[in-house]
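Colleague: I would like to learn how to read a structure like this one. Could we go through it feature by feature?

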Amino acid sequence: MNRRALGAAIASTVALSLACTTGIQAAAAAPGHGPAHRAAPGADVWVTTPDRTELLNHRAPVAFHPGASTRTTITVDPGQTFQSMDGFGAALTDSSAAVLAGLPAPARDDAMRKLFDPGAGIGVSFLRQPVGSSDFTAEAEHYTYDDVPAGQTDFPLARFSVAHDEKLILPLLRQAKRLNPDLTVMATPWSPPAWMKTGDSLIGGRLKDDPAVHQAYARYLVKFVQAYAAAGVPIDYLTVQNEPQNRKPGGYPGTDLTAGQEAEVIAALGPLLQRASPRTKILGYDHNWTTHPDDIATTPPGRSPETDYPYEILDSDAAKWVAGTAYHCYSGDPSAQSAMHAAHPDKGIWFTECSGSHGASDTPEQIFRGTLTWHARTITVGTTRNWAKSVANWNIALDSAGGPHNGGCDTCTGLLTVRADGTVTTDAEYYTIGHLSKFVKPGAVRIASTNFGTTGWNGRLTDVAFRNPDGSTALVVHNENDEPRAFAVAVGEQTFEYTLPGGALATFTWPRSGALNTSKREIPLTGARATAGPADDGTAALAVDADASTRWSSGAAQAPGQFLQVDLGRTTRFDEVALDSGDNLGDYARGWTLSASDDGTSWRELRSGPGTGQLTTVSVPGSRARYLRVTSTAGSGAWWSLADIRLYRSH
């Protein structure tokens with residue numbers, strides 16, 4: 001399969017010290033209202049750094065305090081909810097099973113606890129299992145569960161058997177489920193049996209265009225689901241083909257499956273699966289965010305490259321059997337997931353494969369740093385902020401040579417490396433998954449949090465937040481910059497401040513607490529339009545796009561009279577306005593006036609004051625207006641930026 005090289009060497013390591021403040025400077029705003037008199041809980045902190053000096057290190061907790069901060073502020077809003085989470089993990093491939101099973105029993109049990117135990121390990125909660133052979137197999141010959149001699153067929157599926165998996169894979173899966181009973185299992189075939197394909201080979205070829213073959217393949221998949229359930233490993237999700245547009249896999253099983261063929265197989269599979277295993281849901285596509293250039297180049301003459309493949313599946317009659325779409329990381333970026341969600345909000349999004357990779361001459365230090373930082377911003381945060389209900393990497397364990405494998409990737413990395421001497425080491429992906437899986441429980445719901453970083457590196461802070469079923473909160477923050485970054489986290493009327501090392505990944509958790517409740521709810525600015533003056537370069541809309549990684553800037557030194565104006569589209573009641581200058585340090589207005597208007601012509605001042613930091617929260621109880629204008633009232637050599645304007649209403 002197509003592998004994306006991750007990261008490059010970083011020239012220097014930054015040494016720094018943690019600065020946890022004991023007092024928080026209030027922003028230039030009216031005092032907050034709410035339960036500030038209650039004692040808020042502390043937030044627990046776990047940190048991983050690119051230089052390995054900290055690996056899921058449990059640091060001292062940090063205290064919440066009433067009031068605001070002058071720093072870049074991540075505002076966590078439990079009142080806004082998004083997708084629910086199934087889990088986080090990888091694939092226990094045939095190769096992974098071989099290296100784990102080859103360990104002495106005590107070492108194997110320890111490795112399994114590191115992976116699946118929610119207390120002693122990282123609590124892996126999602127596995128994507130190959131249905132038959134993939135490139136990562138320890139076998140000399142690729143296999144399915146119904147292989148017959150070339151030229152023969154087995155439409156009755158009389159020779160079907162999962163005996164191969166009973167040797168190593170299923171015992172390990174059962175152990176994983178004992179360690180984490182909340183484990184979700186997804187299954188994916190790399191190829192149908194060769195007798196169902198053109199070319200009579202597992203490597204390459206197409207599924208035959210024959211309704212009898214489509215029905216046989218559907219029954220084959222159902223028999224697999226039934227066999228695994230009987231073996232104690234129920235299947236929760238199923239796709240019908242791994243990477244269906246990867247037409248020329250490098251010496252390992254793969255199948256060119258058109259969108260029309262996939263829809264036909266799903267139409268045959270859906271009713272059968274509903275009767276045989278109602279818990280098992282079908283996911284479509286299971287390929288990259290965008291069609292890889294290599295897949296476009298190998299499109300047969302006269303055929304469409306089907307760059308809208310997942311949309312074709314969800315626009316087909318087979319969509320009634322499909323729970324949603326599965327994505328991989330080797331082409332495109334996670335924004336494709338949000339585009340799919342916008343087109344089909346009734347269907348889910350699952351992220352199901354990404355492997356760390358490296359150059360032939362990269363040092364272990366380079367591999368760890370590059371994988372950690374790329375995966376942290378792109379996979380850990382990027383996929384979940386773009387509606388993914390799962391995050392699954394590729395192999396859960398490999399040997400020190402990145403194998404064993406039969407064809408395919410020879411530079412892939414796993415969560416664990418099992419070395420020749422029997423020692424087991426943790427790789428970067430263990431931590432990029434662990435910062436989620438250990439703290440974000442199945443059934444958790446993603447909640448709103450202001451985010452300043454992007455999956456294409458911009459050197460800012462990027463984050464994602466979740467509310468667990470027990471009411472606790474987990475906030476994952478990645479410092480994209482090589483330098484330390486100081487920031488604040490605000491929840492309700494409470495705030496804490498923190499500093500993360502360059503490139504670090506951190507998870508903050510805190511329990512449910514009445515002291516962190518708030519009576520305000522954000523008002524969506526859907527349809528709002530923004531303009532700026534005295535010069536308008538057309539970027540004012542970036543201040544009202546609900547995305548703090550984008551911004552409007554004055555483009556010149558601050559001066560009195562510069563303004564940004566918002567047309568809310570209708571008269572709106574609001575009690576608070578947040579003026580967020582984002583993570584462009586120092587770009588806050590040194591002085592400001594907030595004005596309102598009903599017609600865009602006659603203005604009344606609501607509040608004014610000095611600017612003291614990146615986030616200014618203005619209390620304006622009971623205000624109503626269609627138009628808002630923020631005007632600079634002071635000068636500064638710094639530009640003035642607004643990453644987000646947010647309105648809140650108390651209830």
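Modeller: Strand β4 and strand β18 (residues 445-449) pair in the antiparallel sense, over 4 bridges. Strands here are DSSP runs of E with at least two residues, helices are runs of H or I with at least four residues, and both are numbered from the N terminus. Two strands count as paired if DSSP finds at least two bridges between them. In this pair, T81 has I447 of β18 as its bridge partner.

Colleague: What kind of model is this, and how are its residues numbered?

Modeller: It is a predicted model, where local features need pLDDT of at least 70 and side-chain atom pairs count only at pLDDT 80 or more, while totals for chains, interfaces and linings use all residues. Residues are numbered from 1 along each chain as its sequence is written, and side-chain values use heavy atoms, leaving out hydrogens and water.

Colleague: In which sense do β4 and β21 pair?

Modeller: Strand β4 (residues 73-84) pairs with β21 in the parallel sense, over 4 bridges. The bridge partner of T73 in β21 is A488.

Colleague: Which strand does β21 pair with over 7 bridges?

Modeller: That is β22 (residues 494-500), and the sense is antiparallel. A486 stands opposite T499 in β22. The two strands β21 and β22 form a hairpin with 2 residues between them, and G492 in the turn has a positive phi of about 60 degrees.

Colleague: How many residues of β21 are buried?

Modeller: Buried means under 20% relative accessible area, exposed means over 50%, and partly exposed lies in between (1.4 Å probe, protein chains only). In a regular strand the side chains alternate between the two faces of the sheet. Strand β21 (residues 485-491) is mostly covered, with 6 of its 7 residues buried. For the chain of 651 residues, the buried share is 59%.

Colleague: How many helices and strands does the chain have?

Modeller: The chain has 11 helices and 32 strands.

Colleague: Why does the radius of gyration agree with a compact globule?

Modeller: The radius is taken over C-alpha atoms, and the globule rule is 2.2 Å times the number of residues to the power 0.38. For 651 residues a compact globule would have a radius near 26 Å, and the chain has 26 Å, so the two agree. Along its principal axes, the C-alpha trace spans about 85 × 55 × 45 Å.
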